[in-house]
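Q: Please take a close look at one part of this model, and then at the charged pairs elsewhere in the chain.

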Amino acid sequence: MDLDSMGDWVRTQYTSQVTPDLDGQEVTLFGWVQEVRDLGGLRFLILQDREGTVQITIPKKRISPQVLAKSDSLQKRFSFAIKGTVKKTNMTQRGVEVIPTDIKIFSTATEQLPIDITGKTPANIEVRLDARPLDLTLETSLAAFKIQHVALQAIRTFLFDQDFMEAHSPRIIASATEGGAELFCIDYFGQKAYLAQSPQLYKEELTLSFEKVFEVGPFFRAEESHTRRHLSEFTSVDVEMAFANADNVMTLLEQTIHHTVGVVKEKCQTELNLLNHNLEVPPLPFKRLTYTQVLEDLKTQGVDIPWGEDITTDALRVLGKIYPDFYFITEWPTHTKAFYIKPQNDNPKISEGFDLMYGYIELTSGGTRICDKTQLIERLKEKGLNPDSFKMHLQAFDYGMPPHAGWAIGLERLTMILTGIKNIREVTLYPRDRVRLTP
């Protein structure tokens with residue numbers, strides 16, 4: 001088959017912009033073949049682009065032989081373009097079709113596609129991920145990532161409006177950001193280095209200059225858990241704020257979530273309908289529960305967790321049934337939190353750390369940070385970490401480190417909440433976990 005070049009063709013509309021109001025007008029559309037149907041004297045093509053689909057109707061006896069011959073060659077996932085006339089009709093769901101006057105075919109596709117691109121026949125998640133570029137063309141897949149795009153845009157806009165500056169910290173680091181063993185070790189020109197777990201230390205240091213700073217980017221954890229909500233590479237939205245404490249940044253966080261959900265509900269109703277998800281804007285303020293109160297609530301449900309222990313996934317599932325929406329868990333035991341989380345002055349066994357939950361899913365972790373160098377060194381030792389490994393970070397505390405606090409949102413987990421999708425891999429473009437390194 002001889003393939004066409006674009007030549008001087010220019011798209012005039014996306015499919016979503018082809019409406020009955022354009023009846024009788026000429027349009028130029030680019031996209032891919034989603035379906036081909038022949039019914040005697042009529043051939044129907046479904047053209048798909050990133051905005052949706054539109055029906056191309058070919059009356060075989062009333063179009064040019066050249067256009068009919070081109071349409072004979074078209075198969076699923078061929079990329080092509082058409083010039084044609086918009087026609088209002090009652091025969092399609094959208095009330096519109098396009099009658100082509102010219103067709104260009106740019107590329108072909110394999111005849112046996114690994115998944116059904118119409119989405120009518122669901123495929124196993126692993127099969128879908130193996131064919132991820134194709135899977136992302138499904139309308140439901142596209143819908144999830146459009147929602148993620150709008151959500152991230154809303155978060156950025158909100159933080160900019162609150163006078164935050166966006167920063168980009170290194171991903172290759174010399175020491176563990178948060179301690180623990182969940183680190184990917186790499187060879188950095190003969191030196192041992194690591195992939196960053198978070199931008200935590202850098203964003204704390206940036207409060208010395210930027211005061212209010214945020215970062216959006218990928219981070220890495222050698223996560224052994226293989227569940228529907230864990231990844232080894234994830235996108236984090238991190239915020240740090242000078243002259244602030246946990247209460248200040250909790251208020252900022254709930255306002256950020258409230259704004260983001262509201263924008264998604266307003267701008268993404270088509271996508272939410274595709275996903276059959278009813279998204280409600282959460283009222284402010286979010287419920288605040290102390291760690292101790294949570295243990296008492298769990299005990300009433302027959303789940304007994306000794307004070308000071310972490311809350312297990314099974315226990316969180318029980319808690320999520322009691323509190324199915326957004327809520328904070330505050331006043332965590334200090335020893336359960338990272339070394340940089342500040343203990344309370346009047347009761348050092350309790351920290352100024354918090355988690356923002358949605359049902360049983362931990363969405364955000366945050367809190368007041370330690371701003372005193374001596375206290376930070378003590379906490380490093382308590383966590384079994386060597387202060388010498390953090391000497392470059394500790395020296396920043398000699399330069400007037402302000403009181404500061406912050407949090408981090410997992411973008412993929414937020415997308416799960418916004419879309420109603422239950423598997424985090426479906427809202428990650430190319431997921432990386434304990435078993436998947438491709439595509």
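Is isoleucine 172 buried, partly exposed or exposed?

A: Isoleucine 172 counts as partly exposed, because its relative accessibility is 42%; buried means under 20% relative accessible area, exposed over 50%, and partly exposed in between, with a 1.4 Å probe and protein chains only. The model is predicted, so local features need pLDDT of at least 70 and side-chain atom pairs count only at pLDDT 80 or more, while totals for chains, interfaces and linings use all residues. Residues are numbered from 1 along each chain as its sequence is written, and side-chain values use heavy atoms, with hydrogens and water left out.

Isoleucine 172 sits in strand S7, residues 172-173. Helices (H or I, at least four residues) and strands (E, at least two) are DSSP runs, numbered from the N terminus. Together with Tyr188 and Phe189, Ile172 makes a nonpolar surface patch of about 360 Å². Patches are made of residues with over 30% relative accessible area and no salt bridge; like charges are joined within 9 Å, and nonpolar side chains (Val, Leu, Ile, Met, Phe, Trp, Tyr) within 5 Å. Accessible areas come from the Shrake-Rupley method with a 1.4 Å probe, and for residues only the protein chains shown count as cover.

Now the charged pairs. Side chains of opposite charge can pair when their charged atoms come close. A salt bridge here is a side-chain nitrogen of Lys or Arg within 4 Å of a carboxyl oxygen of Asp or Glu, and the whole structure holds 25 salt bridges.

One of them joins aspartate 38 and lysine 60, with the closest N and O atoms 2.8 Å apart. Aspartate 38 is in strand S1 (residues 26-39) and lysine 60 is in the loop between strand S3 (52-59) and helix H1 (65-73), so the pair ties together parts 22 residues apart in sequence. Aspartate 38 is partly exposed, with a relative accessible area of 40%, and lysine 60 is partly exposed at 24% relative accessibility.

Another salt bridge pairs glutamate 126 with arginine 436, the closest N and O atoms being 2.6 Å apart. This pair links distant parts of the chain, 310 residues apart: glutamate 126 is in helix H2 (residues 125-130), and arginine 436 is in the segment after helix H12 (411-419). Glutamate 126 is partly exposed at 36% relative accessibility, whereas arginine 436 is buried, with a relative accessible area of 9%.
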